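I opened this notebook to record what I looked up in the structure, entry by entry. The entries follow the order in which I consulted it.

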Amino acid sequence: DRPPPLPDSPKCDGCSLAGICLPDETRLLKAETAPDSDGLRRLVPGRNDALPVYVVSHAMSVGKQDDLLVIREKGVKVAESRLVETSHVSLFGNVQMSAQALRECCLQGVPVCHFTTGGWFIGITSGMGLRNAQVKKLQFRCADDGAFCLALARRIVRAKIHNQRTMLRRNHPDPPGQTMDSLEQARERANAAESLETLLGVEGNAARLYFGLFGGMLKPRTATELPFEFHTRNRRPPRDPVNALLSYTYALLVKDCTVALLTAGFDPYQGFYHQMRFGRPALALDLMEEFRPIVADSTVLTLLNNGGA
């Protein structure tokens, strides 16, 4: 059992463990103090400066030298990254990684993500991870609760539609009022859906409306620039550059969600909204849904509209 929080201790201010100790909340529940006008103390999260490493060239290899990951191209060192400053490593295509580097990444808790040359996320190599089986036990118990799954799925889809509508309001020069009203209605229907099947229909209709206006968020290109046009969403495989960029950023996003879930001790293959399918990270897909517009789509729009491609 954790000890009781210190009474009015200045050590609590700025402490990264305040979110675990919860001194203000604990004393409030015990009626030891009344909430002041400033509210509860602001929680300060732990700082993590680690960054991902992406290796995308077939001629490259990743090795280990002391506490460094060393990237070489045809035997010549081109980059390096300290292991303590690396959050995860992403390898695209036929990039080679030495056994020593792979073993050290597992020991240091640095996941290694594997992609095809085209950016399709195919797997992950990690160490033992969080050794708390209780987390997975509770996850599977909740996944068997239909009411819990539906309630969570409603919130996921509602947030996704809300973010899609926000993207159009911020980036489309003149979004049609009828479409915006339809997205608003779809958001409310998602909140009242009585089954996962109904929710899938609401989400699909909202996606059709959103991607129907997606091309309007792309700035016109000059005659000397590469043309980038978007007419409809297509995939597996994407048939134009904009859809290829969308699919690529979605693959990176599901990779980040998978890494986050493994770090927290969840099973990324047991979802609540997306159903289980062999090799499908259903929970990672659940987690990424509401972030698709504001993380992936906005990245593609920023790249194209700012002349990055």
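This is a predicted model: local features need pLDDT of at least 70, side-chain atom pairs count only at pLDDT 80 or more; totals for chains, interfaces and linings use all residues.

**Entry 1: the sheet.** Strand E2 (residues 60–65) pairs with strand E3 (residues 68–73) in the antiparallel sense, over six bridges. I then looked up Gly63 and noted that its bridge partner in E3 is Val70.

I next asked in what order the four strands of the open sheet are arranged. The order is E4-E3-E2-E6, and the pairing is mixed. Strand E4 (76–82) and strand E6 (96–97) each have a single partner strand, so these two stand at the edges and one side of each is left without a neighbour in the sheet.

I also recorded which helix packs on the sheet. Helix H3 (residues 99–108) does so, touching E2, E3 and E6. The direction of H3 makes about 65° with that of E2.

**Entry 2: aromatic pairs.** I turned to the rings and noted a count of seven aromatic pairs. One of them joins Phe92 and Phe115, which are stacked, with 4.4 Å centre to centre and 10° between the planes. This pair links distant parts of the chain: Phe92 belongs to strand E5 (residues 86–92) and Phe115 to strand E7 (residues 112–115), 23 residues apart.

I made a separate note on Tyr250: the charged end of Arg292 sits over its ring, 4.7 Å from the centre.

**Entry 3: His172.** I asked where His172 lies. It is located in the loop between helix H5 (146–171) and helix H6 (177–191). The relative accessibility of His172 is 15%, and because the cut-off for buried is under 20%, His172 counts as buried.

I followed the side chain of His172 and found that it reaches the backbone nitrogen of Asp174 at 3.1 Å. Finally, I listed the contacts of His172, leaving aside neighbours within four places in sequence. They are Met167, Leu213, Gly216 and Met217.

Key:
Residues are numbered from 1 along each chain as its sequence is written. Side-chain values use heavy atoms; hydrogens and water are left out. Rings of Phe, Tyr and Trp (its six-membered ring) pair if their centres lie within 6.5 Å; planes under 30 degrees apart count as stacked, over 60 as edge-to-face and the rest as tilted. A charge sits over a ring if NZ of Lys or CZ of Arg is within 6 Å of the ring centre and within 35 degrees of the ring normal. Buried means under 20% relative accessible area, exposed over 50%, partly exposed in between (1.4 Å probe, protein chains only). A polar contact is a pair of N or O atoms within 3.5 Å; within protein, one must be able to donate a hydrogen and the other to accept it, and residues adjacent in sequence count only if both atoms are side-chain atoms. Contact means heavy atoms within 4.5 Å. Two strands pair if DSSP finds at least two bridges between them. Axes are lines fitted to C-alpha atoms, for helices over the stretch in contact, and angles run from 0 to 180 degrees between N-to-C directions.
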